[in-house]
Amino acid sequence: MDIENAKVQMRKGILEFCILQIISRGEVYASNMLEELTSAKIMVVEGTLYPLLTRLKNAGFLDYKWVESSSGPPRKYYVLTEKGGEFLEELHLTWDELQGSVHQITNPTTPNS
């Protein structure tokens, strides 16, 4: 098994959660999402981000609005819907449980005999 592939798969598993978390803070443009994800070392490309945003929009978790730009064409800014906020809350609960479970396994209090 290739370690790089394993890392990519782990990151993919949390990408949706991270994107929803970024959008939950307020209106956000896709390139700003890419910058924040990249700075957090969650590498993602536009070819991955845009289909995911479309899927989240079609599921009713996101909405968007067009905003005129002084430096080019209008920009699409994404916002979380109420349904998206509820979904994100559930993801937070799942993340907290998963994080606790992984911590318990990777940092046992007593060694196995």
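A salt bridge is here a side-chain nitrogen of Lys or Arg within 4 Å of a carboxyl oxygen of Asp or Glu. The model is predicted, so that local features need pLDDT of at least 70 and side-chain atom pairs count only at pLDDT 80 or more, while totals for chains, interfaces and linings use all residues. Residues are numbered from 1 along each chain as its sequence is written, and side-chain values use heavy atoms, with hydrogens and water left out.

**Exercise 1.** Determine which residue forms a salt bridge with Glu 16, and where the two partners lie.

*Solution.* Step one: the partner of Glu 16 is Arg 55, with the closest N and O atoms 2.7 Å apart. Step two: Glu 16 belongs to helix α1 (residues 3-24) and Arg 55 to helix α3 (residues 46-58), so that the pair links distant parts of the chain, 39 residues apart; helices (H or I, at least four residues) and strands (E, at least two) are DSSP runs, numbered from the N terminus. Step three: Glu 16 is partly exposed at a relative accessible area of 21%, as is Arg 55 at 49%, where buried means under 20%, exposed over 50% and partly exposed in between (1.4 Å probe, protein chains only).

**Exercise 2.** Find how many salt bridges the whole structure holds, and describe the one between Lys 65 and Glu 27.

*Solution.* Step one: a search of the whole structure gives 3 salt bridges. Step two: the side chains of Lys 65 and Glu 27 meet at 2.8 Å, N to O. Step three: Lys 65 sits in strand β2 (residues 62-69) and Glu 27 in the loop between α1 and β1, 38 residues apart. Step four: Lys 65 is partly exposed at 38% relative accessibility, and Glu 27 is partly exposed at 45%.
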